[in-house]
Amino acid sequence: MYTSEQIIIKETENETIKEYSLYIQRIPVRNEFGMIATIHTFGRDLKWNPHIHCLIPELVYSQKTNKHKMFHHFNFSRLRKTFQYQLIHLIIESGGLSKLEERNRLYKEHPKGFYVYAKSKSDNNDFNNGKNIQGCINYFIRYAGRPAMAENRITEYNKESKTVSWFYNDYKDEKRYDVTDNVINFINHLIIHIPDYHFLTTRYYGFYANASKKTLDKVHELLGIKKNKNYSRETRTKALKNKLNKFRYRTHLIDSFNRDPIQCKCGAIMQYTYTYNPLEDKRNDRTYRKECIDEMYKMRLRRRST
């Protein structure tokens with residue numbers, strides 16, 4: 001849904017307070033867009049530089065008219081200020097930037113909004129250029145799946161001085177810079193970029209979201225793109241069942257040795273009745289295990305001396 005934005009600036013006697021407020025104006029025809037975003041926290045020099053990479057198709061879809069419209073223009077000034085306002089608002093909700101002076105400082109130091117860099121898919125605006133689309137996807141996956149540093153960038157490890165030598169190419173001048181750092185500092189620079197457990201670094205919005213698969217199918221149909229996946233509930237349930245079966249003992253034996261462990265020689269499938277647990281009534285399982293081992297030692301056959 002499109003929104004219109006307005007910036008209100010209030011000047012007081014002591015300080016200038018800039019309040020960024022979003023006034024939403026509903027448009028009769030609802031247009032939807034799609035976006036795939038991934039967070040990237042590191043730079044080439046391993047510094048903490050959180051930023052977001054986004055892939056946005058140059059079209060919008062109207063549910064009312066069931067048509068799509070191409071566009072190749074973003075209002076960068078509004079985009080920067082909206083991104084600034086929303087990001088600061090989310091930080092405040094999470095418990096940060098509790099002081100009003102800190103918020104005002106961010107607005108004062110960045111009067112044009114936070115940095116936003118965007119470029120179109122191609123210079124000639126050829127939407128059907130498959131090579132450019134694949135190039136955008138490869139560029140996106142490169143940042144979504146790679147670690148903070150490749151192993152080949154580490155040139156030396158000095159065990160005596162406990163230092164690590166590595167290099168990086170600065171994106172500004174593409175010159176190589178060699179760095180020698182303490183082992184602990186080097187590890188600290190790496191582990192701060194490891195996301196939390198179950199934290200999703202890639203997210204889907206608009207008609208790319210999981211809840212909008214039907215809308216995405218309509219967009220693909222308008223663009224003449226064939227549906228290459230079946231997203232029905234029956235197909236997903238069957239795929240999940242097959243995936244879980246691979247972790248079962250019976251499935252492992254059938255795949256590895258072509259033998260069903262619960263199939264009788266007569267061909268019938270045996271039914272589970274009871275599981276014998278030798279440690280069920282034993283208080284000290286370690287003593288019981290030792291007794292079993294000693295008993296096996298007594299039963300073993302001695303080799304004949306020649």
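Colleague: Which residues make the nonpolar surface patch of about 460 Å²?

Modeller: In this predicted model, the nonpolar surface patch of about 460 Å² is made by I39, I52, F83, L87, I91 and F199. Helix α1, which covers residues 76-93, gives the largest share of that patch, namely three residues.

Colleague: Where is I91 found, and is I91 buried, partly exposed or exposed?

Modeller: I91 is found in helix α1. The general idea is that a residue is called buried under 20% relative accessible area and exposed over 50%, with partly exposed in between. Because its relative accessibility is 32%, I91 counts as partly exposed.

Colleague: How much of the chain is buried, and what is the accessible surface of the chain?

Modeller: Of the 306 residues in the chain, 19% are buried, while the accessible surface comes to about 25,600 Å², with 53% of that belonging to carbon and sulfur atoms.

Colleague: Let us turn to a charged residue. Where is D170 found, and what is the nearest side chain of opposite charge?

Modeller: D170 is found in the loop that runs between β9 (163-169) and β10 (176-182). A salt bridge needs a side-chain nitrogen of Lys or Arg within 4 Å of a carboxyl oxygen of Asp or Glu. D170 is buried yet has no salt bridge, and K172, the nearest side chain of opposite charge, is 5.8 Å away. The side chain of D170 does, however, reach the backbone nitrogen of K172 at 3.2 Å.

Colleague: Which residues is D170 in contact with, leaving aside its neighbours within four places in sequence?

Modeller: With those neighbours left aside, D170 is in contact with R44, K175 and Y177.

Definitions and conventions
Residues are numbered from 1 along each chain as its sequence is written. This is a predicted model: local features need pLDDT of at least 70, side-chain atom pairs count only at pLDDT 80 or more; totals for chains, interfaces and linings use all residues. Side-chain values use heavy atoms; hydrogens and water are left out. Helices (H or I, at least four residues) and strands (E, at least two) are DSSP runs, numbered from the N terminus. Buried means under 20% relative accessible area, exposed over 50%, partly exposed in between (1.4 Å probe, protein chains only). Lys and Arg count as positive and Asp and Glu as negative; His and the chain ends are not counted. A polar contact is a pair of N or O atoms within 3.5 Å; within protein, one must be able to donate a hydrogen and the other to accept it, and residues adjacent in sequence count only if both atoms are side-chain atoms. Contact means heavy atoms within 4.5 Å. Accessible areas come from the Shrake-Rupley method with a 1.4 Å probe; for residues, only the protein chains shown count as cover. Patches are made of residues with over 30% relative accessible area and no salt bridge: like charges are joined within 9 Å, nonpolar side chains (Val, Leu, Ile, Met, Phe, Trp, Tyr) within 5 Å.
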